[in-house]
Structure formats: C-alpha cells, structure tokens
Amino acid sequence: MLNYPILWDSGIYLPELGLWLDPRQPRPRAVISHAHSDHVAAHPLAYATPATRRLVTHRRPSLTTVQGLEYGQPLRLEHCSLTLHPAGHVLGSAQALIETDWGAILYTGDLKTRSGFTSVPAIPVPADVLLLESTFGKPHYRFPDSAEVIAAIVSWCRSVIDSGATPVLLGYSLGKGQEILSALAAEGIHIALHASLFGVTEVYRELGCRFPQYQVLGAALVRPTVVITPPTARRNGLREMLGEFKTAALTGWAMDPSLKARLEVDAVFPLSDHADFEELCCYAERVGATMTYTVLGFDEELAMHLRRRGIRAKALTAIDQLRLF
Ligand SMILES: [Zn+2]
C-alpha cells in the first residue's frame, strides 16, 4: 500500500482509479470535499454530499455535474468504493474514504474535530493511508476553548455597542458566518448579514439549520445591531451605512500576534472552522495509518512534527518522483 501511487497536481490524483480529490482545475472525475471555492471546479463528473452540491449550485448555478452522495453510503466505482464521512468544517463537508483491493485511503479535506453549530464533527476513520490537511500545522496554532472565545466575542460586541458604535464581525460567507450567527443566538442581539452571507444562510436554513432572527444589511437597520460580513466586503460603504463601527476578525490566524495589525482590525478572536495543530496530530494518531501524507497548508512542518511523534509522514508535494508536471 505504501507504494500505491498518490500524486499531487494542484489537487490529489489517484491514477490507478482515475479519481481526483479537490483538484483546483476541472478534471474528468473528482470528489469535492466541501463548497469553499478553492475546492470547487467545473468537473464533468464530481461527487459530493447533497448539502455541498446544493451550496455549490447556489454559488455556481451552471455547475450541474455534481452527483450527491450521502454520508456513510458506499458508492461502487471501478477498482474501488467511495464513502463520504463528516469532516466538521462547514455544512456538508466530507472526508473521502476510498477502499481498494490494496487497502484504504482516507482524505480529510478541511477538517474540524470540535463540535460546531452547523456541521457534524469529524470522527477518525481507520485507513492504511491518510491524506491529512495541514492548514494550522504549526505548534503555536492551539485554539482556546470555543465557549471562552464566543464569550469574549459577545463581551466585545456589547462594549462596542455601549460606546455607541456598531460591532462588525468578519467571517466568510460560507461556514464561518453561520457559526458566528449561531453563537450569538442566545444573546438576544439583533444581527444584520451582508447580502452574500445572507444568501448562503438562507440555503443553510433550507438544508435544516436553525438560526436566530437576522436581516440583510442595507435595509433599514434595527439598532443596535451586530453586523456579520465577509472580510472582502468590509470597506464597501460600511461607514455611510453604519456610522461609527469597530471590526473584529474571527479566524484561527488570530494566533499570529501580527494579525490584528496586518488586517487593520480593532480586535481578533481565534474562532476557526479547522482543527488546530494538536487536533491534527491526535487525528493522525487515531486514524492509525501506516503512511500519512500532509496536504494543503503547513504540510512540511506538520509532517515533521508527526514524524517526531513516531508517525510515518511526508508532505505529498515533497514526493518529487511521484509529482506530476
Ligand atoms: Zn474550506
């Protein structure tokens, strides 16, 4: 199994099976682990969970070639079977288990092992080869308890409101935004969502998620309100709409001391939709693969730390003889 060809070319390729995992460019047949745009391309044939398929078509209505595959239901393909398992990252996110005659390969996609509000946490699936994401694959990315982080965010929002300004929380339209919205549910604070986040949240609701009341940003705003907006939209007329406001970035990168200055925000909070360093290492231990390839992120660093813990690991991009050019 260790010599089974697994290649990297802006995505993972299993040539014996003719199957790609999250390729950035269109490929003949691919698994889309979740609906974030850096994992989606217009493949002639793709497999994803029904929720991911719905979220993908919300953003790209012309992409009609995604075939829905429920969690835990094996799909028989030539030379292998494909089963999707929850990855905990965003609604619909999946790990892909590919079982062949030579053994089982588990690709995590983006992974979160803590409980979130809108997706089922990832549970380790035993496999012979693990393809592990490594977004936060450096030791200083150790996130505090989520409840503490949420309490700090709420307290910051209240203090901003008390000062007469509007708190603006920055989070991606798909996943992070809905997590923030859910986190504020118990607080009784009025919430306004940027239009792109509002649209995705409506799809989340259609897929069965429940949220506190919210309105779309731009309509007559009820005050005081907390605004949730994607980071890219923070400079688009917020001053005219809100008057005085303060911004906070909610991201795992908040563990970097320089982030606040780099993003030019008033506050940062380490609320992530990924596993932190320790969770990634524990995950690899619990999967118990004979070989772990790290992908997507601090792959070299994470592989090195896994080897120090006695796990056979390598960055997939570092395997020159197997690399596609
Ligand atoms: Zn993602």
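Trainee: How many Å separate the centres of domain 1 and domain 2?
Mentor: The centres, taken over C-alpha atoms, are 29 Å apart. The domain assignment gives domain 1 as 7-140 + 274-322 and domain 2 as 146-269, with bounds that come from an automatic or database domain assignment. Bear in mind that this is a predicted model, where local features need pLDDT of at least 70, side-chain atom pairs count only at pLDDT 80 or more, and totals for chains, interfaces and linings use all residues. Residues are numbered from 1 along each chain as its sequence is written.

Trainee: And how many residues of each domain are in contact?
Mentor: 17 residues of domain 1 are in contact with 15 residues of domain 2; contact means C-beta atoms, placed from the backbone, within 7 Å. On the domain 1 side there are seven nonpolar, seven polar and three charged residues. Here Ala, Val, Leu, Ile, Met, Phe, Trp, Tyr, Cys and Pro count as nonpolar, Asp, Glu, Lys and Arg as charged, and the others, Gly among them, as polar.

Trainee: New topic: is strand S11 buried or exposed?
Mentor: Six of the six residues of S11 (residues 129-134) are buried, so the strand is largely enclosed by the rest of the structure. Buried means 20 or more other C-beta atoms within 10 Å of the residue's own, again placed from the backbone. Strands are DSSP runs of E, at least two residues, and helices are runs of H or I, at least four, numbered from the N terminus.

Trainee: Which residues cover each face?
Mentor: Val129, Leu131 and Glu133 are buried on one side, and Leu130, Leu132 and Ser134 on the other.

Trainee: Which strands does S11 pair with?
Mentor: S11 pairs in the parallel sense with S10 (residues 103-107) over three bridges, and with S18 (residues 291-297), also parallel, over six bridges. Pairing takes at least two DSSP bridges. Isoleucine 105 stands opposite valine 129, and glutamate 133 is opposite valine 295 in S18.

Trainee: Now the helices: at what angle do H3 and H4 cross?
Mentor: The axes of H3 (residues 176-183) and H4 cross at roughly 75 degrees and come within 9 Å. Axes are lines fitted to C-alpha atoms, for helices over the stretch in contact, with angles from 0 to 180 degrees between N-to-C directions. The two helices are therefore roughly perpendicular, the label for 65 to 115 degrees.

Trainee: Which residues meet there?
Mentor: Gly177, Gln178 and Leu181 in H3 meet Leu197, Thr201 and Tyr204 in H4.

Conventions: Two residues are in contact if their C-beta atoms, placed from the backbone, lie within 7 Å. A residue is buried if 20 or more other C-beta atoms lie within 10 Å of its own, exposed if 12 or fewer, and partly exposed in between; C-beta atoms are placed from the backbone. Angles under 35 degrees count as roughly parallel, over 145 as roughly antiparallel, 65 to 115 as roughly perpendicular and the rest as oblique.
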